Amino acid sequence: MPAVKKKHSTATAKTTTKASAKTATPPVAKTVAGALAKTSRKTTGKAARPKAAAASRPFDVDALWALDRVGAPSLSPDGAQAVVPVTRFDMEKNHGSTSLWLLSTLGGQPRALTHAGEKDGQPRWSPQGDRIAFIARRDQEGAKDEQPQLYVIPPDGGEARRVTRLPFGVESFKWFPDGKRLAFVSWVVPTLKGQPAQDRARQAEKDRKESAYVTEEGFYRFWDHSLPMGRVPHLHELDLETGAVRDLFEGTPYELSRAEPDADTFDISPDGRRIVFSFDPAEKKVLEHRNALAEVDLRSGRTQVLLRDGDWDFTAPVYSHAGHHIAFIASHQGLKHTMPQQLAVLDTHGHWAVLSEDWDQEVAAPLRWDEDDLGVIFCAEDRGRRHLYRFDVKTLHAFLLFEGGHAGAFALEAGTLVVLHDSVQFPPRVCVVDHEGEADEQVLRRIESFNDEALAAHRFGLHEELWYAGAQDELVQMWLIYPPGFDPRKKGGGKLPLMQLIHGGPHTAMGDSWHWRWNHQAMAAQGYVVACVNYHGSSSFGHRFADSITHRWAELELQDIETATDLLLKQPWADPKRVFATGGSYGGYMVAWMNGHLPAGRYQAYVCHAGCFDWQAMFANDAYHWHAKELGAWYWDDPAKVASQNPVSAAGHLNTPTLVIHGQLDYRVPDAQGLAYYNTLKAQGVAARLVWFPDENHWVMKPRNSRLWYGEFFDWLKRHDAPSKTRAKGR
Ligand SMILES: CSCC[C@H](NC=O)C(=O)N[C@@H](Cc1ccccc1)C(=O)O
């Protein structure tokens with residue numbers, strides 16, 4: 001099997017330079033105009049879409065939801081075909097459905113593989129190439145799934161066959177190398193033995209008339225759902241021929257992560273005899289615990305802990321092809337809770353080492369060994385972008401395999417590399433990555449065109465990256481997305497409104513990626529210059545930058561955002577009377593903070609979506625250990641420390657009209673945060689409007705709610721928009 005490294009050796013050498021140049025100083029700009037002049041337009045003009053007769057319909061929320069959403073690819077073992085889930089929404093019906101599509105990497109048209117499923121997800125090609133397994137909830141063969149089940153379908157046609165009927169459904173899975181078995185995750189009652197007992201437990205759950213959630217756990221809800229009462233995620237083995245299911249954790253204290261027990265939490269050895277998994281060794285679980293690695297021997301059923309260190313968090317284990325090594329992600333939490341996710345390897349003697357110690361980037365799951373077992377492939381963020389890397393386990397260098405935009409997912413088989421990638425200019429698309437010519441240039445070969453026609457009906461705005469001196473005189477990156485047809489380098493024209501779009505986290509980043517919820521193009525199409533500041537604390541700029549805000553939230557971030565606004569207001573196109581700030585979650589925290597700390601009139605209006613308003617009351621959320629670490633104190637130990645970072649402390653100074661949006665199913669930032677903020681504004685006579693969704697979580701996920709969200713968002717800004725006399729042309 002060819003390894004990616006061999007195939008693209010020159011390219012990797014070339015891109016190493018690029019990767020290692022990461023720490024070099026980015027282009028500094030004394031002024032934004034200077035930055036604009038210096039900033040490379042490499043990505044901005046690349047919105048390669050087929051020519052359309054009239055690419056003129058504004059890109060709005062309806063256009064956004066009309067696009068196909070392509071998910072992570074899985075490749076056939078010969079690399080000739082990829083299978084992807086494609087989700088399509090019907091705005092009128094307020095409904096989405098996902099089916100599987102086959103894409104040829106050799107040329108040829110995409111082909112729909114499934115049609116019947118409500119949501120046919122997580123497709124994975126069998127190692128022999130003869131079947132594709134996926135998870136779905138279907139109504140077929142006279143039975144309707146109450147829970148998601150596993151299905152198997154031949155890639156060359158034929159019906160999907162349901163292969164599980166589990167009382168508590170299936171959450172994620174992987175194929176065994178023999179192609180005869182599947183390992184999967186299901187939440188079961190850990191004290192019960194055997195399927196019939198689990199069946200009875202399911203029936204009892206259904207028959208229960210009381211609705212109360214009763215617990216003594218410290219980790220009992222996550223994101224938007226209560227964890228199943230009395231059930232935990234166990235790993236199971238399914239024999240496809242007999243249908244026999246074995247709970248591999250039965251009678252043991254082991255369970256997978258209660259947060260998101262996906263297929264990255266475990267891996268099957270190449271000989272099919274062992275499964276390595278990540279687990280929380282503490283008896284009482286909390287979200288922020290440090291995970292250990294253990295391995296279950298399938299013949300004996302015995303489990304042994306492979307790696308446990310109270311100072312470290314170990315996740316995402318994967319066996320090498322030879323089975324002698326396990327690559328995994330390690331984070332030195334004992335040193336500091338903000339320590340990055342690093343690449344580590346464990347050998348059969350129990351020795352382990354962090355390999356990416358000198359590489360100041362965070363490794364993202366999933367990991368995948370290259371076919372020669374000399375490199376590990378994964379995605380990692382880099383300064384507002386996300387690339388695909390091959391980390392050489394001998395030289396300890398990271399080589400770029402694919403440069404984004406934003407690499408969302410990848411698959412590699414038989415030397416064929418496929419990426420799912422997106423940009424501010426286009427939603428996720430699937431490409432084969434080749435490297436060509438003397439310079440081994442990255443060449444992308446698209447293998448689908450699901451959205452090309454729909455996108456061709458719209459003009460998109462340019463986007464670009466620039467750097468300026470922010471807080472502590474350190475360089476800060478900002479992305480600008482312009483209204484369609486507007487070019488900041490062209491003189492003349494009138495004035496444009498400015499919108500700060502502040503990202504959440506705080507340890508995330510805005511960059512050259514497509515956003516399905518806060519869509520830059522849909523916002524710029526309304527005539528705004530959209531500014532996304534990667535303030536101090538943002539991910540993808542190294543650990544020091546991410547950690548710089550620890551125990552002093554809002555201080556540096558505010559300086560970065562304010563400096564950016566000052567710089568932008570000096571631009572000839574900026575209308576000083578039409579300046580807005582919007583943000584979600586931590587971005588909502590920032591706009592709530594700004595409202596209490598900036599003078600009235602600095603921004604004409606704010607939009608605060610799912611914003612954190614009061615850190616003490618935030619203790620009701622699902623990550624209460626985490627924000628206490630970030631703030632530097634439990635609220636009862638050092639109330640002043642928490643108060644100094646708390647928007648509610650400046651409640652008496654709120655002065656700017658605010659649209660407050662929140663979802664009742666938001667367990668990360670409970671809706672009481674939004675309601676308290678809104679009520680506080682109202683009680684003080686500050687103009688405010690509340691949009692509260694009873695059926696949305698931290699994010700707005702339903703088409704009609706999203707349409708309403710965009711409508712309310714723009715209406716609010718327009719209501720508080722006092723335009724200058726001249727307006728920019730070309731919109
Ligand atoms: C281990 S929990 C991770 C919290 C996560 N932050 C990522 O950087 C997050 O969900 N952040 C929220 C805001 C928030 C901050 C503090 C406590 C709860 C929520 C977000 O911005 O989405």
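Predicted model: local features only at pLDDT ≥ 70, side-chain atom pairs only at ≥ 80, totals over all residues.
Visitor: Which residue in E7 stands opposite Arg124?
Guide: E6 and strand E7, which covers residues 132-136, pair in the antiparallel sense over 3 bridges. Within E7, the residue that stands opposite Arg124 is Ala133.

Visitor: Which residue in E20 is the bridge partner of Ile275?
Guide: Strand E19 (residues 274-279) is mostly covered, with 5 of its 6 residues buried, and Ile275 in E19 stands opposite Ile268. E19 also pairs in the antiparallel sense with strand E20 (residues 292-297), over 6 bridges. In E20, the bridge partner of Ile275 is Val296.

Visitor: Which residue takes a positive phi in the hairpin of E18 and E19?
Guide: Strand E18 (residues 266-268) and E19 pair in the antiparallel sense over 3 bridges. Their hairpin has 5 residues between the strands, and the residue there with a positive phi near 70° is Gly272.

Visitor: Why is strand E27 largely enclosed by the rest of the structure?
Guide: In a regular strand the side chains alternate between the two faces of the sheet. Gly375, Ile377, Cys379 and Glu381 point one way from E27, while Val376, Phe378, Ala380 and Asp382 point the other way, and all are buried. A residue counts as buried if 20 or more other C-beta atoms lie within 10 Å of its own. Strand E27 (residues 375-382) is therefore largely enclosed, its count of buried residues being 8 of the 8.

Visitor: Which residue in E28 is the bridge partner of Asp382?
Guide: E27 and strand E28 (residues 385-392) run antiparallel and are joined by 8 bridges. In the hairpin of these strands, with 2 residues between them, Arg383 takes a positive phi near 45°. The bridge partner of Asp382 in E28 is Arg385.

Visitor: Which residue is joined to Ala365 by a cis peptide bond?
Guide: Strand E26 (residues 363-369) and E27 pair in the antiparallel sense over 4 bridges, and Val363 has Ala380 in E27 as its bridge partner. The residue in question also lies in strand E26. The peptide bond that leads on from Ala365 is cis, with omega near 0°, and the residue it reaches is Pro366.

Visitor: Is Ala414 buried, exposed or partly exposed?
Guide: Ala414 is found in the loop between E30 and strand E31 (416-423), and has a positive phi of about 50° although it is not a glycine. A residue is buried with 20 or more other C-beta atoms within 10 Å, and exposed with 12 or fewer. Since Ala414 has 14 of them within 10 Å, it is partly exposed.

Visitor: Which are the edge strands of the sheet that contains 8 strands?
Guide: The 8 strands form an open sheet with mixed pairing, in the order E34-E35-E37-E36-E38-E39-E40-E41. Each edge strand pairs on one side only, and the edge strands are strand E34 (463-469) and strand E41 (688-693).

Visitor: At about what angle to E40 does helix H13 run?
Guide: Strand E40 (residues 658-663) and E41 pair in the parallel sense over 6 bridges, and Gly663 stands opposite Phe693 in E41. Helix H13 (residues 671-683) lies across strand E39 (605-609), E40 and E41, and the angle at which it runs to E40 is about 155°.

Visitor: How many of the 12 residues of H10 are buried?
Guide: Helix H10 (residues 586-597) reaches 16 Å from its first C-alpha to its last. What covers its buried residues includes strand E36 (496-502), helix H9 (555-569), strand E38 (574-584), E39, E40 and H13. Tyr586, Trp593 and Asn595 are among the buried residues of H10. The helix is largely enclosed by the rest of the structure because the number of its residues that are buried is 10.

Visitor: Which residues around the ligand come nearest?
Guide: The shell around the ligand divides into 7 nonpolar, 7 polar and 2 charged residues. Of the 16 residues around the ligand, those that come nearest are Gly504, Gly505, His507, Ser585 and Tyr586.

Methods: Residues numbered from 1 in each chain as written. Near = placed C-beta within 6 Å. Nonpolar A, V, L, I, M, F, W, Y, C, P; charged D, E, K, R; others polar. Pairing = 2+ DSSP bridges. Contact = placed C-beta atoms within 7 Å. Axes fitted to C-alpha atoms, helices over the stretch in contact; angles between N-to-C directions. Expected span 1.5 Å × (residues − 1).
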